[in-house]
Amino acid sequence: SFEVGLVLTACLGFFFSTFGITVQSLLQTQVDDAFRGRVSSFWGVFGIGGSALGAFLLGALAPQLGLSVVSVISGVVCIALCFPVSARILRPHRNRS
């Protein structure tokens, strides 16, 4: 229904904004001063360019495969990418000597 869609869209917008603010805050506080600009630009390229490329690919595949199939495939890819990224983030850092 329209009302449910409206509430879910508002929630999605809230969480997307919260994620973006959190990433930028962490980037500004955790990255060394000498690399902050490079890391910020790298984040911008992937954050903006990645979304545009993904939307283009999904839009190109949807007429051939159907929107529901493309949605399931993109969800599976996102979940599959979460595992190696999470493992890398949660892995304890080794001391380099």
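Q: Which pattern does the protein follow, read along the sequence?
A: The pattern is α-α-α. That makes three helices and zero strands. Helices (H or I, at least four residues) and strands (E, at least two) are DSSP runs, numbered from the N terminus. The model is predicted: local features need pLDDT of at least 70, side-chain atom pairs count only at pLDDT 80 or more, and totals for chains, interfaces and linings use all residues. Residues are numbered from 1 along each chain as its sequence is written, and side-chain values use heavy atoms, with hydrogens and water left out.

Q: What share of the residues counts as buried?
A: Buried means under 20% relative accessible area, exposed over 50%, and partly exposed in between (1.4 Å probe, protein chains only). Of the 97 residues, 5% count as buried. L27, in helix 1, is buried because its relative accessible area is 8%. The C-alpha atom of L27 is separated by 9.2 Å from that of W43, 16 residues apart along the chain.

Q: How much accessible surface does the protein have?
A: Accessible areas come from the Shrake-Rupley method with a 1.4 Å probe; for residues, only the protein chains shown count as cover. The total is about 8500 Å², and 74% of it belongs to carbon and sulfur atoms.

Q: Which residues form the nonpolar patch on the surface?
A: Patches are made of residues with over 30% relative accessible area and no salt bridge; like charges are joined within 9 Å, nonpolar side chains (Val, Leu, Ile, Met, Phe, Trp, Tyr) within 5 Å. Here the patch is L61, L65, V69, I73, V77 and L81, with about 510 Å² of accessible area together. Helix 2 (36-65) and helix 3 (67-90) each supply at least two residues. Helix 3 gives the most, with four. I73 sits in helix 3, and counts as partly exposed because its relative accessibility is 43%.

Q: Which side chains meet in a salt bridge?
A: Side chains of opposite charge can pair when their charged atoms come close. A salt bridge is a side-chain nitrogen of Lys or Arg within 4 Å of a carboxyl oxygen of Asp or Glu. The structure holds one. It joins D33 and R36, at 2.8 Å from N to O. D33 is exposed because its relative accessible area is 58%. R36 is partly exposed, at 22%.

Q: What lines the largest pocket?
A: Rolling a probe the size of a water molecule over the atoms shows where empty space is left. On a 1 Å grid over the protein atoms alone, a pocket is an open set of points where a 1.4 Å probe fits, with protein on both sides within 12 Å along at least five of seven lines; lining residues have an atom within 4 Å of a point. The lining includes F16, F19, W43, F46 and G54. Helix 1 (2-30) and helix 2 are the elements that give two or more residues to this lining. Helix 2 gives the most, with eight.

Q: Where is G54 placed?
A: G54 is in helix 2. G54 is partly exposed, with a relative accessible area of 26%. The C-alpha atoms of G54 and S74 are separated by 9.1 Å, with the two residues 20 apart along the chain.
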